[in-house]
Amino acid sequence: MKRITFNNPTAQKIYDDYFKRVRRCVSILPESDQLEMIMELNSHIYEATQGAAPANEVEVLVNTIENLGMPEEVLAPAVADKKVKQATRSFNPKHIFQALYLNIFNGVGYVLFALVYLLIISFGFLILFKLIYPAHTGFFTGSGHVFFFGFMAEIPVGVKEQLGNWFFITDITLMAVLYFLNTLLFRLLKGK
Amino acid sequence: MYYICAMNSEFVQNWFSQVKKGTLSYIILIILDEKEYYGYELVQEIKTHTTLEVAEGTLYPLLNRLKTEGIVDAKWIEQESGIPRKYYTLSKDGKATLTEMKKIWSALETAIQKLQK
């Protein structure tokens, strides 16, 4: 992207500082999306300030930037939207987490998505717990009404772990099913 | 006998901001129906024809959303200055969308005018 050059050094500094903020706001996005958003704002600023006399450059530039709004506020919805698209395309957990973080306040759907994701992570931890505390982790039943899947610090009398090493397969299968369902939910939310 | 009417300005302001939000896409489509515009030019056109005070930065995310929806097409065109302009035009789907929006707007306008009589 071609940088705009101003005759007035103060204007140049304001411009450079503004684009530092813009770059920080969009840095979470893929490079092509970053470039697109930066180029669009750069073009707007160029069109608004071209032809301004050096004595007025600062005033014109400050007005233009003010009219555009704070990049942190104005760009946030677009960045969140583009991040969701990237996450849906890539299925990469890192991108999904970032999209989730950016969209967490967008509605109950995303909160539900976050909770299920947390559940998936918890199931991951259960595998570690099963390796460290095999007798206390698993699927417990007993006394006719006790059903518990997870880690039990103190096992009540009459309650027994039923799965043994099958726990690993069951746990991984549950994680996979929840991950699949959550991705479907994510796609539904994205399509809203 | 005198009546003192206190307008609830906060309510009116909130209502106007919702109206603005809802009509901005419609205004953009009407403007783009004439010819193609680049971002800054489009902002100026909105300012010329309406009294809406639009935060200019919010216009670009909106244009991008319209592009994602397939309502507008966009292309970068190189300029002598070395700083390209992104031109927006109404797509074929956009033209059909605008026709439908015009119908809805017209029906709404008629209904409100009837109610206001």
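Predicted model: local features only at pLDDT ≥ 70, side-chain atom pairs only at ≥ 80, totals over all residues.
Helix 2 of chain A is mostly covered, with 16 of its 19 residues buried, where buried means under 20% relative accessible area, exposed over 50%, and partly exposed in between, using a 1.4 Å probe and protein chains only. Helices here are DSSP runs of H or I of at least four residues, and strands are runs of E of at least two, numbered from the N terminus. Just after helix 2 of chain A, A:Gly51 takes a positive phi of about 85°.

Residues are numbered from 1 along each chain as its sequence is written, chains are lettered from A and ligands numbered from 1 in the order in which they are written, and side-chain values use heavy atoms, leaving out hydrogens and water.

Turning to the rings, a search of the whole structure finds 15 aromatic pairs over all chains; rings of Phe, Tyr and Trp (its six-membered ring) pair if their centres lie within 6.5 Å, and planes under 30 degrees apart count as stacked, over 60 as edge-to-face and the rest as tilted. One of them is the tilted pair of A:Phe139 and A:Phe149, at 6.5 Å centre to centre and 45° between the planes. A:Phe139 lies in strand 1 and A:Phe149 in strand 2 of chain A, so this pair ties together parts that are 10 residues apart in sequence.

In chain B, B:Tyr38 and B:Tyr87 pair edge-to-face, at 5.5 Å and 75°, and both tyrosines are buried.
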